[in-house]
Amino acid sequence: FMGFGIYGIASGQVVGTALGFATALWVYRKRVQPLGVVPHIRSMLHAAKNGITRSYLAFSFPIAVDRNLAEFYQLGTLLVLGHIVQPADVGFFKIALSYITLTFLPLGAVSRLLQDQFPKDQMRDPVVLQKHFLLVSIVSGVFTMLSGMVLVFVAPFLLRLVYGETYSGVLPYIRAFWWYAAVIGFGVGLGSIYRTLNRVSFPIKLNMACIVIGMPLTWYLLQHVGALGAVYGFTLMKGTATLVAFFRALWYMRGISSLSYAKT
């Protein structure tokens, strides 16, 4: 807007993040900390040396690795796409992916609630945990399938309204990405279930496999199918990983349920 181009966007992100951090720190120290319900920052840093904090980090660090690997796969796909095709095709891919992921926005709150609900279910009854996991996965999957169909249907009107006729080339990407929305919706509870079962190492291995297999696959499809090959490769790998993680989680829970029945 001010004429600085892409460098202005990147610099704005850095400045905005720095200002946000400084503001949050000031509010914490001046407004929240005096209430006596939260500790002093120095005491938190001092407490980080004890074993309890290290155990928390040992649990949370693999979760961060899993998330970053998933993001790295998307970034790697864009890098491969940008190396082979025209910049416009990279933009179409990014716009289409961002558009189709609108189907997941209502599920964000569900995913956060499951981080608290699944551990409670496990403590109460592993069978209840399995039933809730299946119910949430099926309902969320059906929701993303139907909402994805709606988004694909209204895409020509919305793109013309927001971007104009120049971006009509995005439509084939959006249609191809419907399969992504249709499958990924079934994985809304996967992150929470693997944390509850303390099996975060498996999603990490799965994401690493997506990177190792998905990058060459995307390269191959781009060479033989064109720019849409990146959509097919990305959808195939993410969809397969979601289904594998889903059935693997069921396998873990069956083992826990069997032990629970044996004890009773």
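Modeller: Buried means under 20% relative accessible area, exposed means over 50%, and partly exposed is what lies in between. Keep in mind that this is a predicted model.

Colleague: Fine. Why is K120 called partly exposed?

Modeller: K120 has a relative accessible area of 49%. That value falls between the 20% and 50% cut-offs, so K120 counts as partly exposed.

Colleague: What makes D116 and K120 a salt bridge?

Modeller: The side chains meet at 3.0 Å, N to O. The cut-off for a Lys or Arg nitrogen and an Asp or Glu carboxyl oxygen is 4 Å, so the pair qualifies. Both residues sit in helix 5, 4 residues apart, or about one turn of the helix.

Colleague: Why would that spacing matter in a helix?

Modeller: An α-helix has 3.6 residues a turn, so residues three or four places apart point the same way.

Colleague: And D116, what makes that one partly exposed?

Modeller: Its relative accessible area is 43%, and the in-between class runs from 20% to 50%, so D116 belongs there.

Colleague: How many salt bridges turn up in the whole structure?

Modeller: The search finds 2. Besides D116 with K120, D121 pairs with R124, with the closest N and O atoms 3.6 Å apart. That is within 4 Å, so it counts. D121 and R124 are also both in helix 5, 3 residues apart.

Colleague: How do you know whether D121 and R124 are buried or exposed?

Modeller: Set each against the cut-offs. D121 is at 0%, under 20%, so D121 is buried. R124 is at 57%, over 50%, so R124 is exposed.

Colleague: Still on helix 5, what puts Q122 in its accessibility class?

Modeller: Q122 lies in helix 5, residues 107–124. Q122 and L197 are 75 residues apart in sequence, yet their C-alpha atoms are 8.5 Å apart in space.

Colleague: What makes the phi of N198 worth a look?

Modeller: Phi of N198 is near 55°, a positive value in a residue other than glycine. Most residues other than glycine have a negative phi. N198 is in the loop between helix 9 (190–196) and helix 10 (201–225). At 58% relative accessibility, over the 50% mark, N198 is exposed.

Colleague: How do you know that the span of helix 4 agrees with expectation?

Modeller: Helix 4 (residues 87–100) has 14 residues, which should span 20 Å at 1.5 Å a residue; its end C-alpha atoms are 20 Å apart, so the two agree. Its buried residues include V90, F92, F93 and I95.

Colleague: Last one: why can Y167 belong to a nonpolar patch?

Modeller: Patch residues need over 30% relative accessible area. Y167 is at 31%, so Y167 clears that cut-off, while counting as partly exposed. Y167 sits in the loop between helix 6 (126–162) and helix 7 (171–176). The patch also takes in L158, L161, V162 and Y163, with about 500 Å² of accessible area together.

Conventions
Residues are numbered from 1 along each chain as its sequence is written. This is a predicted model: local features need pLDDT of at least 70, side-chain atom pairs count only at pLDDT 80 or more; totals for chains, interfaces and linings use all residues. Side-chain values use heavy atoms; hydrogens and water are left out. Patches are made of residues with over 30% relative accessible area and no salt bridge: like charges are joined within 9 Å, nonpolar side chains (Val, Leu, Ile, Met, Phe, Trp, Tyr) within 5 Å. Accessible areas come from the Shrake-Rupley method with a 1.4 Å probe; for residues, only the protein chains shown count as cover. Helices (H or I, at least four residues) and strands (E, at least two) are DSSP runs, numbered from the N terminus. Buried means under 20% relative accessible area, exposed over 50%, partly exposed in between (1.4 Å probe, protein chains only). The expected span of a helix is 1.5 Å times one less than its number of residues.
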